Amino acid sequence: MPQKEAVLATNAPPPLPFFSQAIKCQGLVYCSGSVGMDPKTGKLVEGGVGDRTRQCFANLAAVLEAAGTSIHHCVQVKVFLTSMDDYAAMNNVYAEVFTVDPKPVRTCVAVHQLPLGTDVEIECIAHQ
């Protein structure tokens with residue numbers, strides 16, 4: 001049976017007690033969804049969806065670094081938006097993060113609600 005190991009980054013928002021920030025298993029790192037929460041304040045960053053998207057990626061980068069990899073090793077990204085009207089703003093930040101080919105595969109869907117009333121949540125899988 002494959003061994004799995006929890007990842008905990010102290011410079012990212014802490015996970016709730018019923019899930020891990022990420023799991024390392026068989027050379028991959030599976031990250032839980034991240035919202036645009038400032039880990040220092042525990043509150044969503046102010047501004048628009050672009051600001052919160054940027055913070056989502058900063059949080060995911062911190063978790064991936066704690067796992068011994070980086071955001072540049074992502075192979076899959078899933079983006080959840082509460083409105084597809086925010087697609088362009090999210091995509092602008094996404095393009096700043098993933099500048100090198102091949103870019104990760106991606107899914108982007110609109111959902112009814114997200115935790116803490118945020119407008120964007122992002123999860124990813126990266127290789128080690």
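Me: What makes strand 3 and strand 8 a pair, and in which sense do they run?
Reply: Two strands count as paired if DSSP finds at least two bridges between them. Strand 3 (residues 28-35) and strand 8 (residues 120-127) have 6 bridges, in the antiparallel sense, so they pass that test. Leu28, for instance, stands opposite His127 in strand 8. One caution: this is a predicted model, where local features need pLDDT of at least 70 and side-chain atom pairs pLDDT 80 or more, while totals for chains, interfaces and linings use all residues. Residues are numbered from 1 along each chain, and side-chain values use heavy atoms, without hydrogens and water.

Me: Why are strand 1 and strand 7 called edge strands?
Reply: The open sheet has 6 strands in the order 1-2-3-8-6-7, with mixed pairing. Strand 1 (4-7) and strand 7 (105-110) each pair on one side only. Strands here are DSSP runs of E, at least two residues, and helices are runs of H or I, at least four, numbered from the N terminus.

Me: What does helix 2 touch in the sheet?
Reply: Helix 2 (residues 87-97) touches strand 6 and strand 7, contact meaning heavy atoms within 4.5 Å.

Me: Which residues of helix 2 are buried, and why are they said to share a side?
Reply: They are Met90, Val93, Tyr94 and Val97, buried meaning under 20% relative accessible area with a 1.4 Å probe, protein chains only. Their arc around the axis, taken from the directions to the C-beta atoms, is only 105 degrees, so they lie on the same side of helix 2. These buried residues pack against helix 1, strand 6 and strand 7.

Note on methods
Axes are lines fitted to C-alpha atoms, for helices over the stretch in contact, and angles run from 0 to 180 degrees between N-to-C directions. Buried means under 20% relative accessible area, exposed over 50%, partly exposed in between (1.4 Å probe, protein chains only).
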